[in-house]
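Please look over the model below before reading on. The paragraphs that follow go through its helices and its sheet in turn.

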Amino acid sequence: MSTRAVYSFKDKFGTHHVYKHCDGYPSGAVDAINAALAYSWLLPRFEADEFAAGFVAGNKHIQGGVRLTKGPQKHYDIEYQYIITASKGELMIAAYETDTDENDKQTKKQFYKGSFVEFERKYKESN
């Protein structure tokens, strides 16, 4: 079973969403965001649309695995949502567990908010 997630990239100009079909759990999110860094502007420059494009470039390995979406509400089966922004040249993340009930009502519960560096420290799998 896949762990699905929506990654939302947000700046003052708007929000861009990307659906990822698998590895959406927190340690998988660390890997996916790190994969985007190689294809995105170097920090401190952060533009949400450009980072979303870098996320797709760094993570699209199979058909359907990663794609643009209109937002988390379009996916009844996601388990996580990550909102990625930047503040003072640092990547920031808000992380939510999501649940959809039998009436397709989606709820989310925040389990992390802070810097990506700290998120990575907390959730990166030790190999």
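At what angle do helix H1 and helix H2 pack? In this predicted model, where local features need pLDDT of at least 70, side-chain atom pairs count only at pLDDT 80 or more, and totals for chains, interfaces and linings use all residues, residues are numbered from 1 along each chain as its sequence is written. Side-chain values use heavy atoms, with hydrogens and water left out.

Helix H1 (residues 26–37) packs against helix H2 (residues 48–59) at an angle of about 110 degrees, and their axes are 7 Å apart. Axes are lines fitted to C-alpha atoms, for helices over the stretch in contact, and angles run from 0 to 180 degrees between N-to-C directions. H1 is therefore roughly perpendicular to H2 (angles under 35 degrees count as roughly parallel, over 145 as roughly antiparallel, 65 to 115 as roughly perpendicular and the rest as oblique). H1 contributes Ala 32, Ile 33, Ala 35, Ala 36 and Leu 37 to the contact, and H2 contributes Phe 51, Gly 54, Phe 55, Gly 58 and Asn 59; contact means heavy atoms within 4.5 Å.

The end C-alpha atoms of H2 are 16 Å apart, which agrees with the 16 Å that its 12 residues should span at 1.5 Å a residue (the expected span is 1.5 Å times one less than the number of residues). Among the buried residues of H2 are Ala 48, Ala 52 and Val 56; buried means under 20% relative accessible area, exposed over 50%, partly exposed in between, with a 1.4 Å probe and protein chains only. The cover over the buried residues of H2 includes H1 and strands S1, S2, S3, S4 and S5.

Next comes the sheet. It is open, has 6 strands in the order S3-S2-S1-S4-S5-S6, and its pairing is mixed (two strands pair if DSSP finds at least two bridges between them). Strand S3 (66–69) and strand S6 (106–115) stand at the edges with a single partner strand each, so one side of each has no neighbour in the sheet. From one strand to the next, the twist averages 25 degrees. Strand S5 (residues 90–100) and S6 run antiparallel and are joined by 9 bridges. H2 runs at about 10 degrees to strand S2 (14–20).

Helix H3 (residues 116–123) lies across S4, S5 and S6, at about 105 degrees to S6. Glu 120 belongs to helix H3 and is partly exposed, with a relative accessible area of 23%. Leaving aside neighbours within four places in sequence, Glu 120 is in contact with Val 30 and Asn 34.

Notes
Helices (H or I, at least four residues) and strands (E, at least two) are DSSP runs, numbered from the N terminus.
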